[in-house]
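Trainee: I have a structure open and would like to learn how to read its features. Could you walk me through it?

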Amino acid sequence: MSSRPWTGKRALSIANLKGGVGKSTTTMMVADALSLNWSVRVLVVDLDAQANASQMLLSFKGLQIARTSGVTLTDWVDSLVEGSDSKFYTYVKSGISGLTELSPQNMSQHGKSGSLSIVPSTPELRFSELAFDHRNYSRQDSAASTLVMTSHLRSAIESLAQSVDLVIFDCPPGFTTLTQAALNISDAIISPTLEEPIGAWSLKAFRDFGLRDTLGVL
Amino acid sequence: MPIEQVTIERELYDHVHRFLSMDFNGVLARHTGAHPPQVFSDVVSKAGGEADGSWTRPDLAALAIVRGEFVPFLRADLHTFEVKTAKGLDVQGAHEASAQGRFGHYAWLVFQAVSRADRTTALFDQVLRSSVRLGVGVVTFKEPCDSNGWHVDAWPRRTATDDAVADEFVASRFRRETKNKIRKYLSGLKTGDNTDE
């Protein structure tokens, strides 16, 4: 296993307005490759209520266990709505790599090694996000909810600064509050695209409408 | 960069809690060679219990639940943790952790191994020897933020604590949110949501 030090970005969003372009697959492949070959400690945060990345990384059974244990992003957003002071790291499922080399049983406790963790999603995330938006809605400021979520997500990621080398946000299609918050705090964005006219149009819309006009990050 | 020595014990709790949340299941899995257990942890130093007496108050606790997939069993082990700064460490810490172990199945002493408590010092050896003799596990770290640097120096022996005592400890010391997570997980086991079928 390589032990090259990771000097790359801290937060990466995999995002596109269009669905079915391979965002979750890209997330999984990048996470696996960096944790195995570069000894990077990767945390995937699944922002998509479809929970595809969560199912791929945890398996259906593992996701069920996370769900019934209250260890999901949905539970974290619920805790924000309830005003609880729960720590973000209590929603992290760690040691979840399907690669034999990275399974907890096979890892040495000495020295630096890569690892893979996830804050999984569930279909109920859409309702939790709606509740969060409702709570933080302001008639005077349409971006209020996004700003509050950005602040929470930034604090959450910063609290893991020394435990995780790279955070990958697997964003849902469209432009949800969580997606906007993730894009706001990301150092880089990967936008998978299908090689077809509608794919190019959607990438342009993501850049112009999403990143430039809405978030002003371009 | 020089390692910062933390001098206030309470400032270490958040780091230990993060270690328990993110890494402890992997640590247990490495030790047993079995699947990682489901771990629920909390800072319990101020919650419930007797009004005074530090020897009755572990700083943190973790409930590790593991279920057999083919050989049917369900085991819940309560781990208690006494945290010490390098400055506050002495042999008494091992006795304190051991005394707190009466509430759970495994007792641990956790401390920052720098300065006078560095692993090259006589104090480190004394504390480690006492801990091993008392059946107390020892976890050390140098830089609390660096999860790669946390190290199990000694494994605890399982105590004969009654499960009902451990259950009462969880009921009276863990936060409501954490207990709700445990309840949800256990009810998932009953309904079969957490099984292969």
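Trainee: How many salt bridges are there between chain A and chain B?

Mentor: First, some ground rules: this is a predicted model, in which local features need pLDDT of at least 70, side-chain atom pairs count only at pLDDT 80 or more, and totals for chains, interfaces and linings use all residues. Residues are numbered from 1 along each chain as its sequence is written, chains are lettered from A and ligands numbered from 1 in the order in which they are written, and side-chain values use heavy atoms, with hydrogens and water left out. Now the general idea: side chains of opposite charge can pair when their charged atoms come close. The rule asks for a side-chain nitrogen of Lys or Arg within 4 Å of a carboxyl oxygen of Asp or Glu. Between chain A and chain B the count is 3 salt bridges. In one of them, A:Lys87 meets B:Asp14 at 3.7 Å, N to O.

Trainee: Which helix gives the most to the side of chain A that touches chain B?

Mentor: Helices (H or I, at least four residues) and strands (E, at least two) are DSSP runs, numbered from the N terminus. Here helix H2 of chain A, residues 52-68, gives the most, with 5 residues.

Trainee: How many residues of each chain are in contact?

Mentor: Contact means heavy atoms within 4.5 Å. By that rule, 34 residues of chain A are in contact with 34 residues of chain B.

Trainee: And how much area do chain A and chain B bury between them?

Mentor: Buried area is the accessible area (1.4 Å probe) that two parts lose on being put together, summed over both. For this pair the value is about 2,800 Å², with 44% of it on carbon and sulfur atoms.

Trainee: What about the whole structure: how many salt bridges does it hold over all chains?

Mentor: The total is 17 salt bridges over all chains. Within chain A, A:Arg41 pairs with A:Asp165, their closest N and O atoms being 3.0 Å apart.

Trainee: Why does the pair of A:Arg41 and A:Asp165 tie together parts that are apart in sequence?

Mentor: Look at where each partner sits: A:Arg41 lies in strand S2 (residues 41-46) of chain A, and A:Asp165 in the loop between helix H5 (144-158) and strand S4 (166-170) of chain A, so the pair links parts 124 residues apart in sequence.

Trainee: Where is A:Val81 placed?

Mentor: A:Val81 is in helix H3 (residues 73-82) of chain A. Leaving out residues up to four places away in sequence, A:Val81 touches A:Ser128, A:Ala131, A:Phe132 and A:Arg135.
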